[in-house]
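I opened the model to see how the chains are built and how they meet. My notes follow in the order I looked things up.

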Amino acid sequence: MPERKFNVLPGFGLTMGFTLFYLSAIVLIPIGFLVIRTLGISWSDFWRLATTDRALMAYKLTFGASFIAAIANAIFGTLLAWVLVRYEFPGRRLIDAMVDFPFALPTAVAGLTLADLFTRNGWLGRYLVPMGIQGAFTPLGVVIALTFVGMPFVVRTLQPVLENFEREVEEASATLGAGRLRTFVSVIVPSLLPPIITGFALAFARAIGEYGSVVFISGNLPYQTEIAPYLIWMRLEEFDYSGAITLALVLLMISFALLAVVNLIERWASKFAN
Amino acid sequence: MGAGHAKSQRGTEESLLVKWLLIGLALLFCLVFLLLPLLNVFAQAFSKGLGTYLDALKHPDSWAAIKLTLLVAVIAVPLNLLFGLAAAWCIAKFEFRGKALLITLIDLPFSVSPVVAGLMFVVLFGAQGFFGPWLNEHGVKIIFAVPGIVLATIFVTFPFVARELIPVMQAAGNDQEQAALTLGANGWQTFWHVTLPSVKWGLIYGVILCNARTMGEYGAVSVVSGHIIGRTNTMPLQVEQLYQNANTAGAFAVASLLALLALVTLAVKTFLEWKQHREFKLAQRATLAESAHAPPLMRPKSQ
């Protein structure tokens with residue numbers, strides 16, 4: 001039992017009260033009412049609305065594209081974190097600062113400029129489209145937008161771990177005769193895996209709900225390039241409230257499940273580190 | 001000796017070829033996913049000349065969108081700042097049951113899709129919502145009006161200030177506040193003169209990040225705004241509207257302001273990190289110098 005220290009600091013009641021009030025008013029009550037509103041929909045209706053062909057295609061695209069984007073982020077994020085921490089090269093500090101750019105740039109602007117880059121006349125599209133790589137208005141476009149949005153997560157979770165990584169371990173491995181590749185695969189990668197997985201899960205969770213950057217580049221064709229959040233928006237535009245709320249609840253439950261998984265991974269990772 | 005040195009280098013470092021290959025790959029990735037999207041915003045915005053650019057920004061609809069975005073930020077950011085301060089104070093300075101749960105709940109808006117966030121407020125205050133009929137009777141408009149936009153934005157940007165402040169305040173500890181209180185300062189004085197200065201960099205970064213996300217919020221606002229041009233269009237919505245109307249240069253002109261805001265946010269962040277790092281170094285040097293000059297009795301005792 002940890003000893004309870006006497007705390008002379010004032011203001012616990014006031015700040016705790018305000019925190020709980022604001023949290024309830026802005027977050028908990030709106031989420032609660034959304035759930036209550038779904039209770040008004042019968043189970044068979046809920047199931048029917050949640051599993052229409054169009055909805056199933058939208059989930060498939062949302063999860064597929066989010067997964068691929070998160071994998072791309074895990075690979076390139078690891079590479080970027082490694083290069084930023086271990087090597088010295090011109091422009092390193094600038095790139096280090098720019099990694100947070102997708103986090104600061106409004107999603108609508110990201111979508112707008114990415115769509116423009118990959119269209120036939122865009123800076124990248126003029127080379128890629130003749131090669132048969134259609135970045136705009138295709139599922140690939142969704143992956144591109146989600147990769148952009150999720151980029152900072154893996155880099156920023158991995159960077160501090162890599163900075164504090166003990167070089168002695170690598171030296172020991174080298175002294176014992178392991179080549180650099182062997183050291184990397186059997187010594188370095190295992191200890192970097194927990195932060196990479198955490199970053200991957202964060203990028204994946206973010207990608208599932210992402211809206212602004214995707215809707216510009218995907219073209220939002222039903223059954224083809226329509227993501228689940230866009231379908232919710234569409235249902236709302238059609239005044240199909242039950243449809244919108246059903247899909248929203250499905251998305252919300254999946255997001256919360258992911259959040260729980262991220263928490264579990266973090267707990268596992270911190271236990272692993274000890 | 002020389003050969004041994006070369007061998008140990010090979011053991012703990014990659015060969016030059018691998019190193020530059022990795023750097024090259026990383027730079028290529030940054031070029032495609034960071035630099036080109038950024039440069040493209042400004043290149044497209046100025047593609048038809050400075051005159052067209054300024055005209056696009058001076059258009060009454062764009063101007064109305066800019067003013068609305070600023071209004072939303074002026075309301076939403078201070079509220080989230082107040083919340084961030086209160087939440088960080090009780091979480092960082094006190095021990096209580098359910099602290100981990102409270103932190104998880106504060107993070108909740110991060111994992112809610114912006115569209116779902118907007119929908120929640122439609123369910124509450126929309127014409128078919130729980131309080132819709134009552135609001136209609138009393139002539140209060142929330143959805144398709146400014147209050148709805150503010151609420152949805154606050155929801156989405158809710159965790160930012162708290163998230164930045166909690167770790168900084170936790171790291172600062174309670175000792176200084178306790179000393180101030182013992183010396184006779186009251187709670188507010190302690191907060192203003194002791195706590196705030198010790199967390200100011202984290203606080204400033206939390207506020208500017210919250211501000212950038214507030215001004216740039218698109219999904220949630222898109223659901224509750226109703227897209228009334230000149231009245232309920234914020235800047236990101238105006239960007240979309242102009243793009244839909246095939247006015248690409250106009251869309252990029254408004255977008256360039258938001259991209260500039262993102263760049264300023266990053267610049268401030270980098271500056272704050274540099275400043276914090278320097279202060280830390282200075283403080284370290286000062287403690288070392290002090291303990292070296294102090295008479296033996298006053299030297300900090302090691303355990």
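Is B:Ala246 buried or exposed? I counted 8 C-beta neighbours inside 10 Å, so B:Ala246 is exposed. The cut-offs go by other C-beta atoms within 10 Å of a residue's own: buried means 20 or more, exposed 12 or fewer, and partly exposed in between, with C-beta atoms placed from the backbone.

Ground rules first. This is a predicted model, where local features need pLDDT of at least 70, side-chain atom pairs count only at pLDDT 80 or more, and totals for chains, interfaces and linings use all residues. Residues are numbered from 1 along each chain as its sequence is written, while chains are lettered from A and ligands numbered from 1 in the order in which they are written.

**Entry: positive phi**

I stayed with B:Ala246. Its phi is near 60 degrees, a positive value in a residue other than glycine. B:Ala246 sits in the loop between α13 (235-244) and α14 (248-293) of chain B. I took helices (H or I, at least four residues) and strands (E, at least two) as DSSP runs, numbered from the N terminus.

I found a positive phi in chain A as well: A:Phe137, a residue other than glycine, has phi near 65 degrees. A:Phe137 is in the loop between α7 (125-128) and α8 (139-163) of chain A. It is partly exposed, with 19 other C-beta atoms within 10 Å. Most residues other than glycine have a negative phi.

**Entry: chain A overall**

I counted 13 helices and 0 strands in chain A. Its C-alpha atoms fill a box of roughly 70 × 65 × 35 Å along the principal axes. Chain A has 274 residues, and 45% of them count as buried. I then checked contacts, meaning pairs whose C-beta atoms, placed from the backbone, lie within 7 Å. Of the contacts in chain A with a separation of 6 or more, 77% join residues 24 or more positions apart.

I picked A:Ala74, in helix α3 (residues 53-86) of chain A. A:Ala74 counts as buried because it has 21 C-beta neighbours inside 10 Å. Leaving aside neighbours within four places in sequence, A:Ala74 contacts A:Val154, A:Ile196, A:Gly199 and A:Phe200. A:Ile36 is 38 residues away along the chain, and its C-alpha atom is 38 Å from that of A:Ala74.

**Entry: core and chain contact**

Which residues have the most contacts inside the largest nonpolar core? They are A:Ile232, A:Ala248, B:Leu119 and B:Ala255, in a core of 157 residues. Such a core is a set of buried Ala, Val, Leu, Ile, Met, Phe, Trp, Tyr and Cys residues joined through C-beta atoms within 7 Å. Helix α4 (residues 60-93) of chain B gives the largest share of this core, 15 residues.

Beyond neighbours within four places in sequence, it touches A:Ala244, A:Leu247, A:Ala248, B:Val115, B:Val116 and B:Leu119.

The contact between the chains takes 72 residues from chain B and 72 residues from chain A. On the chain B side, helix α2 (residues 16-45) gives the largest share, 15 residues. That side has 49 nonpolar, 16 polar and 7 charged residues. Here Ala, Val, Leu, Ile, Met, Phe, Trp, Tyr, Cys and Pro count as nonpolar, Asp, Glu, Lys and Arg as charged, and the others, Gly among them, as polar.

I took axes as lines fitted to C-alpha atoms, for helices over the stretch in contact, with angles from 0 to 180 degrees between N-to-C directions.

The axes of α4(B) and helix α9 (residues 160-172) of chain B come within 8 Å and cross at roughly 30 degrees. Their contact has 13 nonpolar, 3 polar and 1 charged residues.

α9(B) also packs on α11(B), at about 170 degrees with axes 8 Å apart. The two are therefore roughly antiparallel. Angles under 35 degrees count as roughly parallel, over 145 as roughly antiparallel, 65 to 115 as roughly perpendicular and the rest as oblique. This contact divides into 12 nonpolar, 3 polar and 2 charged residues.

Last, helix α8 (residues 146-157) and helix α11 (residues 187-216) of chain B: their axes come within 9 Å and cross at roughly 135 degrees. They are therefore oblique to each other. B:Thr153, B:Val156 and B:Thr157 in α8(B) meet B:Cys210, B:Arg213 and B:Thr214 in α11(B).

Definitions and conventions. Two residues are in contact if their C-beta atoms, placed from the backbone, lie within 7 Å.
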